[in-house]
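Please consult the sequence and the structure shown here while reading.

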Amino acid sequence: MANGSNIDWDKVIADPRFQALHRRKQSFLTGLMVFSVVFYFLLPIGAAYFQDLYKTKVWGVVNFGLLFALLQFVVAWGIAIYYSRVANRDFDSAAREIAADYEKKGG
Amino acid sequence: MQVFNRRLLTWGIAGALVVVSGTALAQGAVAPEYRWLTFSVFAAIIGLTMYVTFLAAKRVKTASDFYTAGGGVSGLQNGWAIAGDYLSAASFLGIAGLISQYGYDGFMYSVGWLVAYITVLLLIAEPCRNIGKYTLPDILAYRNNPRAMRIVGAISVITVSTFYLTAQMVGGGVLVKTLIGIDYEYSVIAVGTLMLAYVLFGGMVATTWVQIIKAVLLVAASLILVMLVWTPYGFSLPAFLQDVVGDPKVQARVASLLGDPAKNMTAAELGQRFLEPGLYFKNPIDQISLGMALVFGTAGLPHILMRFFTVPTAQQARKSVVWAMAIIGGFYVLTLFLGFGAAKHVGPQAIAAVDAGGNMAGPLLAQFLGGGPESMLGNFMLAFVSAVAFATIVAVVAGLVLAAASAIAHDLYVGVYHGGDVVPPQQQVRAARIATVVVGAMAITIGIAAKGQNVAHLVALAFAVAASANFPCVLLTLYWKRCNTGGIVLGMIVGTVVAVGLTLVSPNVTYPKAVREASQKVLDGEVAKRSAIEAALASGDATAMAKAATDAKALDKAVQKARDDMAKVEGRTTSLMGLEKPLFTLKNPGIISIPLGFLAVLLGSLLFRDKRSEEMWPEVYARQNTGILVSKASAH
C-alpha cells in the first residue's frame, strides 16, 4: 500500500529515540499482559481446585470466591487506568516527537 | 439520490412497523391487554434510531464514511459504541439468566468477557488504528501479499461473522417471540429489516449511533432495576445476598441441581451453595478453554476491530477501550444484582418455566419490580426492558453485517476483483450497499432456516475461530519481524479448520445414540416415578402433596421432551460427522486450536519467504509504534 511518502523507515527504526520508546513499551506491555492473563486464569483454576478456599465466608454470607470475582473487575479496571496513565504521559510524547520529526523530513 | 434515499427509508420504517405490529400474535411474556405498551416503547426506540439514521444518511458519501464514519468518532462515543456492539443479548439476558439459575458460576462466567478487553487495549487497538483503514484484512495486507491477505482475511471475517450472526438472529427471533408472542419468522424478519435500514442508509455513522443509544438505554434500564432491587438492603451486599440464600425457591433450585447429595444438607447450606462454584461448570479444562477463547478471541472479532478505525488517533482508540471497559465491566457488576435479584423475587423455577435457558430473568424481574404481571407499571417496565433487548439484538446484528459486508465489498470486490485499482467513491459505496443487502438477506434466511436449532455454542465457536485464526495473524503481523504471507495463510487455515473441526466432533453436536439412551432412561423410569408421586399425593401431608404436584408437572415435561428427542433422532445412529460418540470431549476447542493457530503462523513464516513482508517490516514496525502519517491520513 503506497502512501506517497518518502520517509526512510529503516532510519526511523534505527533512531535511538525509537529504539528507546520501543524497548520501554515492550517490557511494560509484556509484563502487564502476562500479569493480567495469569491473574484472570487464577479465577477458574481456583474455582475448580481450591473450592474450600472459595467457600470460606469472609463478609456475612459473602465468600472468598465472590470477593475474588469482584476483585477481578477492580484489577481489570486498574490495569486499564494504569496503562493509559503511563501511555498518555510517557509513550505519546515520545511517539509524537518522532512522528513530527520524520513527517517533516520525509512527507 | 437524496429523495430516493428518503423514500426508501420511509418505506423501511413502515415495513418494520407493519412486521412488528401486524403479525399473528401468540402467547408471550407480555399479557395481550398490555401489548400496546410494548409496541409503543418499541415504536419510540425505533423512531429515535430511524431519525438518527435519517440524519446520518446525509453524511454518508464516501467509502470511508460508510465503513468507518469518516474516522470522526470520539473516544468517548466509540467507547459507548463498543459496549453497544459487544453487549449482545447473550450477555444482557444470558448472564443474568445464568446467575439466576446457577448462582456463582454465572457471575464467574461474565469476568472473561471484560478481561478480554485488556488484550484489546494493550496489544491490538492502537497498532490497528495506526496502520489499518477499514477492515481486518487491511491490517494483514499492509505488510503481506495484499491479494492473498484479502482472500483469506475476508473468508475468515465472513466465517466468524456468520457464526456470530446466526446465533444472534436465532436468539433474537426466539427472544422477540418469547417476549411479545409474535411468530418466530416475523421476529427474524423484523430484526433483519430494521438492521438493514440502519446499515444500508446510515452505514457506520448510523450503526455507531444505534449502538450508543442501545448501550445508554441498556445501562439506564439496568441501573434502575438494580436501584430497586438493592435499596431495601441499604446498599449492603451481604444483607442482599443473605436474603437471596435464605429464599426457599433458591434453596429448592440448588437441591434439584445437586440431586442425591443434597439430601444431607440443611436449607441454609443449600442456599449458601448458590454462592459457591461448581453448579454450572463441571469441567475445569473446558472452562479454561472457554476463557482462552474469550480473552484472545475478542481481539480478533472483525466487528470489534472495525470500531477502532472510526476514531482519528491511537490516543482516541485507547480512550475508547478504557471507556468500553468501564461500561462493560460496570454492566456485568449490575448483572450480579439482576441475576440474584431475579432468583430471589421471581424464582429460578418460574424463570426457567418461561425460557429454559433462563433468558427471561431480567425482563421478569423488571415486571416484578414494577408491581407484577397484573399492574400497569410492571408491564411498562417489562415492555421497556423487552424493547431494550430488541434494540440490543438489532445493534449487534448491524455491527456484524457491516463487518461482513465490508469484507465482501472492500476486500473482495475492490481489493481482489479490481486488484487495488482506483475505484470511484460512489461505486465503492454502491458496492458496500449491495453487499449489505446480500449479507442482510443471508442473515434473515439463515435465521429462519435455523429455527429450533440449538445455536448457543455458535457464539463460543465464533470467539474460538477469532482467537485461533484472526488473533495470532493480527498479533504476529504487527509484532514479529519474520512473520509473512505464508505464515498468515497457514495460520488462518489451521486456526479456522482446527476450531471448527474440533467443534464438529465435540459434545456440541447431536449424537443420536446418546440421545436415544438418555431419553429411553427417562421413559423407563417414568412408571416408578409416577407411582412415587401418586403415593405422595395419597399421603395427606400438605407439603409432600404440593411437592408431588410440581414433580408431576416436571415429569410430564421430561417425558414429553424425551419423546420429542427420540422422534428427532429417529432412524439415525451417527452424528453429522458419522460418529457414535464425541471424538473430542471438550465443548470449547480453544485450548488446542489457539496454540495450533500460533504454531501455524510461526511455521508458515519460517517455511515460506516473502520479500514484501520483509521489506515492509520497518514501515509497519515504525508506524504501529509511533502513528507516523496517521494525522496526515485523517486530515485529507
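## Helix α13 of chain B

Helix α13(B) contains 14 residues, and the distance from its first C-alpha to its last is 19 Å, close to the 20 Å expected at 1.5 Å a residue. Helices (H or I, at least four residues) and strands (E, at least two) are DSSP runs, numbered from the N terminus; the expected span of a helix is 1.5 Å times one less than its number of residues. The model is a predicted one, in which local features need pLDDT of at least 70, side-chain atom pairs count only at pLDDT 80 or more, and totals for chains, interfaces and linings use all residues. Residues are numbered from 1 along each chain as its sequence is written, while chains are lettered from A and ligands numbered from 1 in the order in which they are written.

Helix α13(B) is mostly covered, with 10 of its 14 residues buried. A residue is buried if 20 or more other C-beta atoms lie within 10 Å of its own, exposed if 12 or fewer, and partly exposed in between, with C-beta atoms placed from the backbone. The buried residues of α13(B) include Q287(B), S289(B), L290(B) and the run from G291(B) through M292(B), A293(B), L294(B), V295(B) and F296(B) to G297(B). They pack against α2 (16–49) of chain A and, within chain B, against α6, α20 (456–479) and α24 (590–607). Two residues are in contact if their C-beta atoms, placed from the backbone, lie within 7 Å.

## Overall form of chain B

Chain B has 26 helices and 0 strands. For 636 residues, a compact globule would have a radius of gyration near 26 Å, and the 25 Å of chain B agrees with this. The radius of gyration is taken over C-alpha atoms, and the globule rule is 2.2 Å times the number of residues to the power 0.38. Along the principal axes, the C-alpha atoms of chain B fill a box of roughly 85 × 55 × 50 Å. Of its 636 residues, 58% count as buried. Among contacts in chain B with a separation of 6 or more, 83% join residues 24 or more positions apart.

Chain B is divided into domain 1 (2–54 + 62–464) and domain 2 (521–568), with bounds that come from an automatic or database domain assignment. The C-alpha centres of the two domains lie 38 Å apart.

Helix α18 (residues 376–417) of chain B has 42 residues, which should span 62 Å at 1.5 Å a residue; its end C-alpha atoms are 58 Å apart, which agrees. A kink of about 25° is centred on S406(B), where the bend at a residue is the angle between axes fitted to the seven residues ending there and the seven starting there. Because 37 of its 42 residues are buried, α18(B) is largely enclosed by the rest of the structure. G419(B), which follows α18(B), has a positive phi near 55°.

L270(B) belongs to helix α12 (residues 267–273) of chain B and counts as buried, with 20 C-beta neighbours inside 10 Å. Not counting residues up to four places away in sequence, L270(B) touches Q251(B), V254(B), A255(B), A262(B) and M265(B). L270(B) and T392(B) are 122 residues apart in sequence and 35 Å apart in space, C-alpha to C-alpha.

## Positive phi in two loops

Most residues other than glycine have a negative phi. A69(B), which is not a glycine, has a positive phi near 55°. It is placed in the loop between α3 (63–68) and α4 (75–86) of chain B and is buried, with 27 other C-beta atoms within 10 Å.

F235(B) also is not a glycine and has a positive phi of about 55°. This residue lies in the loop between α9 (184–230) and α10 (237–245) of chain B. F235(B) counts as exposed, with 11 C-beta neighbours inside 10 Å.

## Chain A and the interface

Chain A has 4 helices and 2 strands, in the order α-α-α-β-β-α along the sequence. Its radius of gyration is 22 Å, well over the 13 Å that the globule rule gives for 107 residues, so chain A is more spread out than a compact globule. Buried residues make up 26% of chain A.

In the interface, 44 residues of chain B are in contact with 51 residues of chain A. The largest share of the chain B side, 10 residues, comes from α6(B).
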